[in-house]
2 protein chains.
Amino acid sequence: MNNFTYCTPTRYVFGRNAEAETGRLAKEYLGDPKKVLVVSGGSSAKKSGLLDRVMKALHSAGIDTEEMEGIKPNPTDDRVYEGIALCRERGVDAVIGVGGGSVIDTAKAIALGVLYEGDFWDFYAGKLAPEKALPIGVVLTIPAAGSEGSGNSVITKLDGLHKISLRSDFALRPKFAVMNPELTYTLPAYQTACGIADMIAHIMERYFTPTKNVEVTDGISEGLLRSIIAVAPRVFANPRDYDARANIMWAGTMAHNGICGCGRTEDWVSHFMEHEISAVYGVAHGAGLAVVFPAWMTYMTEVAPERPARFAREVMGVPATFDDKSDALAGIGRLKAFYHSIGLPVTLGELGVENPDFDLLVKKLHEDKGEIIGGYHKLDAEATEKIYKLML
Amino acid sequence: MNNFTYCTPTRYVFGRNAEAETGRLAKEYLGDPKKVLVVSGGSSAKKSGLLDRVMKALHSAGIDTEEMEGIKPNPTDDRVYEGIALCRERGVDAVIGVGGGSVIDTAKAIALGVLYEGDFWDFYAGKLAPEKALPIGVVLTIPAAGSEGSGNSVITKLDGLHKISLRSDFALRPKFAVMNPELTYTLPAYQTACGIADMIAHIMERYFTPTKNVEVTDGISEGLLRSIIAVAPRVFANPRDYDARANIMWAGTMAHNGICGCGRTEDWVSHFMEHEISAVYGVAHGAGLAVVFPAWMTYMTEVAPERPARFAREVMGVPATFDDKSDALAGIGRLKAFYHSIGLPVTLGELGVENPDFDLLVKKLHEDKGEIIGGYHKLDAEATEKIYKLML
């Protein structure tokens, strides 16, 4: 078990009608702000009345608001610059994201950029580490990205289509996250499925580790993975099943708040590889992961089958033989079947990417992330090209 | 899944030589204190040089110290009053506990009492809820009580031998917890075993719930339980096995920081029943739990076998039949065998309690906790008497 620091100070307020607390929470935990920028996505938060309820709660607590709507999936830097300017112009001293990962990541980037003299992209380019930001709050509507409980933010730079994940230990962690499963009832099936693939991937990036003897973290990770896979079908059978939606929502948070990585080295290559596909082809992140991970695992079965085999046995319920490769392949097969069962693609073709430009993907990948990448197993451009091709 | 709020803001600093960070952590997270009261237990922290290292780290960070040593297991209120007076006299503005649950709980009680005009026991008697306390830090030496990550504190009032657990949501949560597994190498086998029984019980009090459909929390709980039971034998085989000690230490924290209870109603009757045994007979808390829990589960097998059966199958690996009672009893048998295998008692006789006064235990139990108790299943005095008798 490696040395580690673990701190997840976000206050999660979970349950029916939790958004009614937003005003009180903003006052108590966002530093008694005078004016909050409320960032939101497409039209559903408005149509459902959620945005109105949030505004009402904030105003009732004596807090002024500014609004920024229409953040798209795979959020881009132009909106961040816009938000930073707006905050400075209007004296905003806290930021609340009402939505899913894209909205929250945008809110985080804005909160970070407002207190920085230079270009906020400097942090994403790795020039310096985030230290301070305006206080951030969240009202979650899409469980997936786990951004409500993480210190991360993923933004795409339009110029050059670089999709970068900024990882901060604590600076960008939301002070509170309001989580009402009822807000997810209207999430379309495909988006629900993408979210499930994303949260599974978040656990797997930590599960595929070179670190030995991290049984406790393994136990938590495997328990989480099993429960997500067990509950998923119920959400599609009945989108208004409160408990099913609640479990998926909470799993999304637990999958990414760090608990599944305590004491061990993580991987993240699958996410890096998916980011390139999303950046170039504009596909949904979760759908991309459903294609990438099985291919990455198939490559790993050849060179480092131990963890794929354990995953197969402990998570996918493959009866153990004494052959790691055999078990691993069976597990990958079950994972693909699961993804198919919830409507996700498992090949680039099914993802809608015809004639993928492997050279471009590999080139951008190693430009963005370095010549040799990977935690579980080191990969160079020759290896990542093989993995991309396994996605056909 | 019930509505819930989850917040565990403690900063865990885990690993080899982590105690060297104590000065920096105290400065940054205990409000830049001028003077810290360092509370410690028996002689081992001193003999090992740990106490010196902690003092040195604090002094290097420019922080003065006062000391209070010799806190005993099942800590009592007299030392708390002593600590409160000392803090007020010497201008102490933060408290650090160096030890296990008893030391940390004492530190918490002192931190709470210093800022309260009246008698600190008012909180434990349930007259009012804790709101503010001096900032608290921890250097953990005994994994078990999980007090480093919880908002709880268990103190015994000498007058009347009332052992009460004060539960606070956030007021008593330590700001940081330094956790170095090497500090636990010299923990005697019996104390190690008691700690393991305590952390298992902490999970089980949340696992035995009347709330349905909390799969994610179940998954985490079962994964944790399985990993503790899997790792335990290695700690006894080699007390200096770093990874084994590390996993047990981290499991102790995860078992009690709230994550295993998210979204569900908890039980805690077994702990209430054990507290009475400890208060009257002075036995070790973990050993008492190894006796109490199997008896409580045996009673539950008759009246509410569903969760004991699931525990048996998911945690103890009992092959599932279609008979909950049968599976449950097999699981209890395996749990008892596990406790025996790590040197713990499973009957009052083995615990060293001859001729237990059941009337006294039942009377005190319901005086302290109410006529009807229990989350998983409601129990009156007639039922709790039966359970106590099952411990023979």
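Contact is taken here to mean heavy atoms within 4.5 Å. On that basis, in this predicted model, 29 residues of domain 1 of chain A are in contact with 27 residues of domain 2 of chain A. The domain assignment places residues 11–184 of chain A in domain 1 and residues 189–390 in domain 2. The centres of the two domains of chain A, taken over C-alpha atoms, are separated by 26 Å. Between domain 1 and domain 2 of chain A, an area of about 2300 Å² is buried, and carbon and sulfur atoms give 58% of it.

One salt bridge is counted between domain 1 and domain 2 of chain A. The side chains of Arg167(A) and Glu266(A) form a salt bridge with an N to O distance of 3.6 Å. Glu266(A) lies in the loop between α9 and α10 (269–281) of chain A, and Arg167(A) in strand β7 (residues 162–167), so the pair ties together parts that are 99 residues apart in sequence. With a relative accessible area of 46%, Arg167(A) is partly exposed.

The relation between the chains was examined next.

The contact between the chains takes 39 residues from chain B and 39 residues from chain A. About 3400 Å² is buried between chain B and chain A, with 57% of this area given by carbon and sulfur atoms. Met1(B), Val216(B) and Trp250(B) supply 18% of the area that chain B buries against chain A, more than any other three residues. Two salt bridges are counted between chain B and chain A. The side chains of Arg234(B) and Glu215(A) meet in a salt bridge, at 2.6 Å from N to O.

Nonpolar packing was then considered. The largest nonpolar core has 174 residues, and of these Trp250(A) and Trp250(B) touch the most other members. Leaving aside residues up to four places away in sequence, Trp250(A) touches Tyr12(A), Phe14(A) and Met179(A), together with Met1(B), Phe4(B), Tyr6(B), Val216(B), Thr217(B) and Cys262(B). Another core, of 29 residues, lies apart from the largest one and includes Met68(A), Leu86(A), Ile110(A) and Leu166(A).

Met249(A) is found in helix α9 (residues 242–254) of chain A. Its relative accessibility is 0%, so Met249(A) counts as buried. Residues up to four places away in sequence not being counted, Met249(A) touches Phe14(A), Leu140(A), Pro143(A), Met179(A), Asn180(A), Pro181(A) and Thr184(A). The C-alpha atoms of Met249(A) and Ala290(A), which are 41 residues apart along the chain, are separated by 19 Å.

In helix α12 (residues 306–314) of chain A, the buried residues are Arg307(A), Pro308(A), Ala309(A), Phe311(A) and Ala312(A). These residues pack against α7 (189–207), α8 (215–237), α11 (285–303) and α13 (324–341) of chain A.

In chain B, helix α7 (residues 189–207) contains Asp198(B). Asp198(B) counts as buried because its relative accessibility is 5%, below the 20% limit for buried residues. With residues up to four places away in sequence not counted, Asp198(B) touches Ala144(B), Ala145(B), His271(B), His285(B), Gly286(B) and Leu289(B).

Over all chains, 56 salt bridges are found in the whole structure. In chain B, the side chains of Asp324(B) and Arg313(B) form a salt bridge with an N to O distance of 3.2 Å. This pair links distant parts of the chain, with Asp324(B) in helix α13 (residues 324–341) and Arg313(B) in helix α12 (residues 306–314), eleven residues apart. Asp324(B) is partly exposed, with a relative accessible area of 27%, and Arg313(B) counts as partly exposed at 25% relative accessibility.

Another salt bridge joins Lys389(B) to Glu385(B), whose closest N and O atoms are 3.1 Å apart. Lys389(B) and Glu385(B) both lie in helix α16 (residues 381–389) of chain B, four residues apart, or about one turn of the helix. Lys389(B) counts as partly exposed at 42% relative accessibility, as does Glu385(B) at 27%. In chain A, salt bridges that share partners join Asp218(A), Glu222(A), Arg264(A), Arg307(A) and Arg310(A) into one network.

How values were computed. Residues are numbered from 1 along each chain as its sequence is written. Chains are lettered from A and ligands numbered from 1 in the order in which they are written. This is a predicted model: local features need pLDDT of at least 70, side-chain atom pairs count only at pLDDT 80 or more; totals for chains, interfaces and linings use all residues. Side-chain values use heavy atoms; hydrogens and water are left out. A nonpolar core is a set of buried Ala, Val, Leu, Ile, Met, Phe, Trp, Tyr and Cys residues joined through side-chain atoms within 4.5 Å. Buried means under 20% relative accessible area, exposed over 50%, partly exposed in between (1.4 Å probe, protein chains only). Helices (H or I, at least four residues) and strands (E, at least two) are DSSP runs, numbered from the N terminus. Domain bounds come from an automatic or database domain assignment. Buried area is the accessible area (1.4 Å probe) that two parts lose on being put together, summed over both. A salt bridge is a side-chain nitrogen of Lys or Arg within 4 Å of a carboxyl oxygen of Asp or Glu.
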